[in-house]
Amino acid sequence: MIFMAAGVAFAVILIFSFDIIKIDWPSFMEIQPSYRPMENPLPPPERSIPIEGPIAIPGMGAPENPTTADEASLARGQEFFVINCRMCHGQTGEGTGPIAPFLANKPANLTSPVVQSKSDGSMFLTITNGITGKMPPLNENLLVSERWDVVNYIRTLKASE
């Protein structure tokens, strides 16, 4: 009886002192191997086509713009530009957005001849993949058709006099 009472008392002490002693039990999830989402992602299978279509295959060059620059495309492009690009590039696309002064690498002036002389496919790939250290990739924010609409809208931006 005495040993049983001593055993129960010892068990109660262990239970209440767990946070103080911190005994690592092998069944705890925190000490098991685990992976965070997108940690060491697997490469795409060979000869597979990404869900976005063949335009996302590396090394295929700049794709052709399949979207006609009509009023609907330009309106959608302007809307997506305001949501995703204006904070850095500014309303007129000259790189004077509200957060531009706080960035180490200043945003590009989208109205400049250098940018406007690029092909639609080159602009599309820049929007899709971003520029390391300067611009984030927008492939997760915008669908393929939405990115083409933004390209069409950027073509309408003119430098201010």
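Let's start with a contact that spans the chain: Arg76 and Asp149 form a salt bridge, with their closest N and O atoms 2.8 Å apart. Since Arg76 sits in helix 3 (residues 71-84) and Asp149 in helix 7, the pair ties together parts that are 73 residues apart in sequence. A salt bridge here is a side-chain nitrogen of Lys or Arg within 4 Å of a carboxyl oxygen of Asp or Glu.

A word on the ground rules: this is a predicted model, in which local features need pLDDT of at least 70 and side-chain atom pairs count only at pLDDT 80 or more, while totals for chains, interfaces and linings use all residues. Residues are numbered from 1 along each chain as its sequence is written, and side-chain values use heavy atoms, leaving out hydrogens and water.

**Overall make-up**

The protein has seven helices and zero strands; these are DSSP runs numbered from the N terminus (helices are H or I with at least four residues, strands are E with at least two). Of its 161 residues, 24% count as buried. Buried means under 20% relative accessible area, exposed over 50%, and partly exposed in between, with a 1.4 Å probe and protein chains only. The protein exposes about 12000 Å², and carbon and sulfur atoms supply 64% of that area, computed by the Shrake-Rupley method with a 1.4 Å probe. Among contacts with a separation of 6 or more, 53% join residues 24 or more positions apart; contact means heavy atoms within 4.5 Å.

**The salt bridges and helix 7**

Two salt bridges turn up in a search of the whole structure. The second one joins the side chains of Arg155 and Asp120, at 2.7 Å from N to O. This pair links distant parts of the chain, with Arg155 in helix 7 and Asp120 in helix 6 (residues 120-129), 35 residues apart.

| Residue | Relative accessible area | Class |
|---|---|---|
| Arg76 | 37% | partly exposed |
| Asp149 | 2% | buried |
| Arg155 | 23% | partly exposed |
| Asp120 | 22% | partly exposed |

Asp149 lies in helix 7 (residues 144-156). Leaving aside neighbours within four places in sequence, Asp149 is in contact with Thr67, Ser73, Arg76, Gly77 and Phe80. Arg147 also belongs to helix 7 and counts as buried, at 0% relative accessibility. Its C-alpha atom is separated by 7.0 Å from that of Ile127, 20 residues away along the chain.

**Helix 1**

Helix 1 is hardly covered, as the count of buried residues among its 15 residues is zero. Met4, Val8, Val12, Ile15 and Phe16 make a nonpolar surface patch of about 570 Å², and Val8 is in helix 1. An α-helix has 3.6 residues a turn, so residues three or four places apart point the same way. Patches are made of residues with over 30% relative accessible area and no salt bridge, like charges being joined within 9 Å and nonpolar side chains (Val, Leu, Ile, Met, Phe, Trp, Tyr) within 5 Å.

**The cysteines**

How many disulfides does the whole structure hold? A search finds zero, a disulfide being a pair of cysteine sulfur atoms within 2.5 Å. The sulfur of Cys85 has its closest cysteine sulfur in Cys88, 8.5 Å away, which is too far for a bond. Cys85 counts as buried at 9% relative accessibility, while Cys88 is partly exposed at 22%.
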